[in-house]
Amino acid sequence: MMNFPAEEEVFLRDLVKGSRQKPHAVEWTDRDGTARLTVLAPADAARLNAIAHRLGLSKSDLLRQAAHIPAAKGAPKNPPAG
């Protein structure tokens, strides 16, 4: 087995763990009319479901509305990879 720095080991372990979970796909239409497919981990899907239910919206409608939320100020447009 290869030796990885601790933070890389956590990252890689989380990738493997995530790939073993059943993904949940949500099809929705972006604000510019583009068809989108968002694949969520089970925990994120449950959270999206809870928010959508609370607001009386479908998951697709919630994502369409969320597309209008402005980006956070100071957030990097292209965060560095790994």
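Tutor: Helices and strands here are DSSP runs, numbered from the N terminus; a helix (H or I) has at least four residues and a strand (E) at least two. Met 2, for instance, is found in the segment before helix H1 (6-20). This is a predicted model, in which local features need pLDDT of at least 70 and side-chain atom pairs count only at pLDDT 80 or more, while totals for chains, interfaces and linings use all residues. Residues are numbered from 1 along each chain as its sequence is written, and side-chain values use heavy atoms, with hydrogens and water left out.

The protein has three helices and two strands, which run α-β-β-α-α from the N terminus on. The average pLDDT (the predictor's confidence in each residue, from 0 to 100) is 88, and 89% of the residues score at least 70.

Now the core. Buried means under 20% relative accessible area, exposed means over 50%, and partly exposed lies in between, with a 1.4 Å probe and protein chains only. A nonpolar core is a set of buried Ala, Val, Leu, Ile, Met, Phe, Trp, Tyr and Cys residues joined through side-chain atoms within 4.5 Å. The largest one here has nine residues: Val 26, Trp 28, Leu 40, Ala 45, Leu 48, Ala 52, Leu 62, Leu 63 and Ala 67. Strand S1 (24-29), helix H2 (42-55) and H3 each give two or more residues to this core. H2 supplies the largest share, three residues. In soluble globular proteins, nonpolar side chains tend to be buried together. Of the 82 residues of the protein, 12% count as buried.

Contact means heavy atoms within 4.5 Å. Leaving aside neighbours within four places in sequence, Leu 63 is in contact with Val 26, Trp 28, Thr 38 and Leu 48. One of these, Thr 38, is found in strand S2 (residues 35-40) and counts as partly exposed because its relative accessibility is 23%. Not counting residues up to four places away in sequence, Thr 38 touches His 24, Ala 25, Val 26, Trp 28 and Leu 63. Thr 38 and Pro 23 are 15 residues apart in sequence, with their C-alpha atoms 9.8 Å apart.

A salt bridge is a side-chain nitrogen of Lys or Arg within 4 Å of a carboxyl oxygen of Asp or Glu. Two are found in the whole structure. In one of them, the closest N and O atoms of Arg 64 and Asp 61 are 3.3 Å apart. Both residues lie in helix H3 (residues 59-66), three residues apart, about one turn of the helix. Arg 64 counts as partly exposed because its relative accessibility is 35%, and Asp 61 counts as partly exposed because its value is 29%.

The other salt bridge joins Asp 30 and Arg 36, with the closest N and O atoms 2.9 Å apart. Asp 30 is buried, at 15% relative accessible area, whereas Arg 36 is partly exposed, at 37%.
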